[in-house]
Structure formats: structure tokens, C-alpha cells
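Work through the following exercises with the sequence and the model side by side, and try each task before reading its solution.

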Amino acid sequence: MMWPEEKVVAAVQAASNGPGFFYLMNHGIPLAVFEDAVAESYVFFHPEVEKKMQSSSLEKFGKWGVKGYNTPGVEGAYSKDLVTDVRPEGEQATKKLNTREAHVARFPEFEQHCGVNLPLYVRDYVRFLTETGNHSDNLRSFFDGKKTADEIGEAAKLFFAPNLWPAQVKEVQQQEETMKKRKQQITAMDKFRPVVTQYYSEMTGLANRMFAVYEKCLSSTAKKEVKFPRKNGMTTFNLARYACEPVDSGNFGISDHTDW
């Protein structure tokens, strides 16, 4: 990423027409950003469940999977959607539950804005479906017709609500050193939010830089300007911990699904 833009674009085009993947180097994100995110995720996932539950959507919203901490066995059982699933018609979804645990953050968070400035799909999902015309059938099909527009609208509001983070808690750990036991007061989880949000911010900035490169690549191929409508979407950021699974368990941490 330290090369001139034209050289980066040419390299990405060459990779796309060749092996189909590339390594991104010299991106400018300090190694500490990655290392700190891994370290604080380890701290977050290893206390007892009660402490992780402080940031669960079940505690805040009365349902799992929206934001915050999710325990193993509460997400998953995904149905085949009718738009993007390319599996043969006769192949059924396994409907297995996820065996991973995860902390889910979604951006942007809209609660700090006054209601009139919220996107239409957050303010009035029924109207949003109506005004998007044919897209409404596709959007409803993602839910197999099991959800009404009002129900989907309520879900959208929760998706854009403030993210859930663990409280700053302190615990006393016993540590043995030179055959003597002493109590050491440590702060657990207080770094989790700033470290994770910094990681997200850095990666979002890099993603935007890469979107600009992709736009240049596609514009060159299409012989016209190509722009991605990426400013008003929602980003889901999962930090996941996958437990060891028996080889023959048939589990992969997250159940079969499509990322629509």
C-alpha cells in the first residue's frame, strides 16, 4: 500500500486475473493493533460465563444474537434463503446450532442521532420495503416469510442500537511466586472496548482504501466509472472463540449459512 495507486491497482488486477488472491503488505496498521486485539479477546472469553453475560443481548434486549456476547448453542439453525443460497434444491440446511462463542458489534450506532435523521430502514421498515419496490420480495425471502415487515423493522432498530461492552470489573487472582502466595489486584476487561474499537477503526479505514482500489480496477475493466454504495450500510464485527471439536463431530463452530 506504499506504492503509487496506479501500481497497487495494476497488482490487484494481475492477482485477480491470475491466482485469485493476494497478500496486502505495508498497510500502515501497527502490529500492536492486531496483537492487542488478540490479547484482549483472550481476556474477554476466559472469565466465567456470568461476567461475559454482562454484555449479552439477552440481558439488554431479551433475545440472543443481536449484539454483545453470545454463548455456544444459541445461534445457528440457519435456514436456506431463497436469493443467495447456491446449494442444490434438494440439499437441506443442517439446522445445527453454532458451537462457537462470540462477541458481536455492529456499526454504525444510530442512537446518538435524532430520529428524523435516521435512515428510512431504521425509522419505518414497512415504508422502506414499499419504496424499494421489487427488492422487498428479496428482503422478505431472507426470512423464509416467517417475519413480518414490522418484526424485521424492530430487528433493524436493535441492530443499530449502541453496542454492548463488558463492564469494567476487577477481580482478585491468586498467583504463586517463589513458593509464596500473594494476591494481585488486576483489572479485567477494561481495555476490551477501546482495543476492539481501535482495531475496527483501523480495519475500516484500510477497507475503504481497498474499496477505492477495487473501484479503480472495475472502472478500468468496464471502461466507465464504477462506485460502490458503501456509506450507508451496516458492518457486523464478530470476535469469535472456537472450542476444540472432535474430528468426527461434524461441527465447524458456525453452522452452514449464507452471508447475505
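**Exercise 1. Determine how helices H1 and H9 are placed relative to each other, and which residues meet between them.**

Solution. Begin with the axes, which are lines fitted to C-alpha atoms, for helices over the stretch in contact, with angles that run from 0 to 180 degrees between N-to-C directions. The axes of H1 and H9 come within 9 Å and cross at roughly 70°. Next, sort the angle: under 35 degrees counts as roughly parallel, over 145 as roughly antiparallel, 65 to 115 as roughly perpendicular and the rest as oblique. H1 and H9 are therefore roughly perpendicular to each other. Finally, look for contacts, meaning heavy atoms within 4.5 Å: Glu5, Val8, Val9, Val12 and Gln13 on the H1 side meet Met210, Val213, Tyr214, Lys216, Cys217, Ser220 and Thr221 on the H9 side.

The model is predicted, so local features need pLDDT of at least 70 and side-chain atom pairs count only at pLDDT 80 or more, while totals for chains, interfaces and linings use all residues. Residues are numbered from 1 along each chain as its sequence is written, and side-chain values use heavy atoms, with hydrogens and water left out. Helices (H or I, at least four residues) and strands (E, at least two) are DSSP runs, numbered from the N terminus.

**Exercise 2. Describe the packing of H2 against H9.**

Solution. The two helices, H2 and H9, pack at an angle of about 140°, with their axes 9 Å apart, and H2 and H9 are therefore oblique to each other. On the H2 side the contact is made by Val33, Phe34, Asp36, Ala37, Glu40, Ser41 and Phe44, and on the H9 side by Phe192, Val195, Gln198, Tyr199, Glu202 and Met203.

**Exercise 3. Find the largest nonpolar core and the elements that build it.**

Solution. A nonpolar core is a set of buried Ala, Val, Leu, Ile, Met, Phe, Trp, Tyr and Cys residues joined through side-chain atoms within 4.5 Å, where buried means under 20% relative accessible area, exposed over 50% and partly exposed in between (1.4 Å probe, protein chains only). The largest such core has 18 residues, and those with the most contacts inside it are Phe192, Val196, Phe237 and Leu239. Two or more residues each come from helix H2 (31–45), strand E2 (101–107), helix H9 (192–222) and strand E5 (235–241), with H9 giving the most, six residues. Take Phe237 as an example: leaving aside neighbours within four places in sequence, Phe237 is in contact with His103, Val104, Ala105, Phe107, Val196, Tyr199 and Tyr200. A second, separate core of nine residues includes Leu118, Val122, Tyr125 and Phe160.

**Exercise 4. Is Cys217 buried or exposed, and is Cys244 buried or exposed?**

Solution. Cys217 has a relative accessible area of 9% and is buried, whereas Cys244, with 83%, is exposed. A disulfide is a pair of cysteine sulfur atoms within 2.5 Å, and by this rule the count is zero disulfides.
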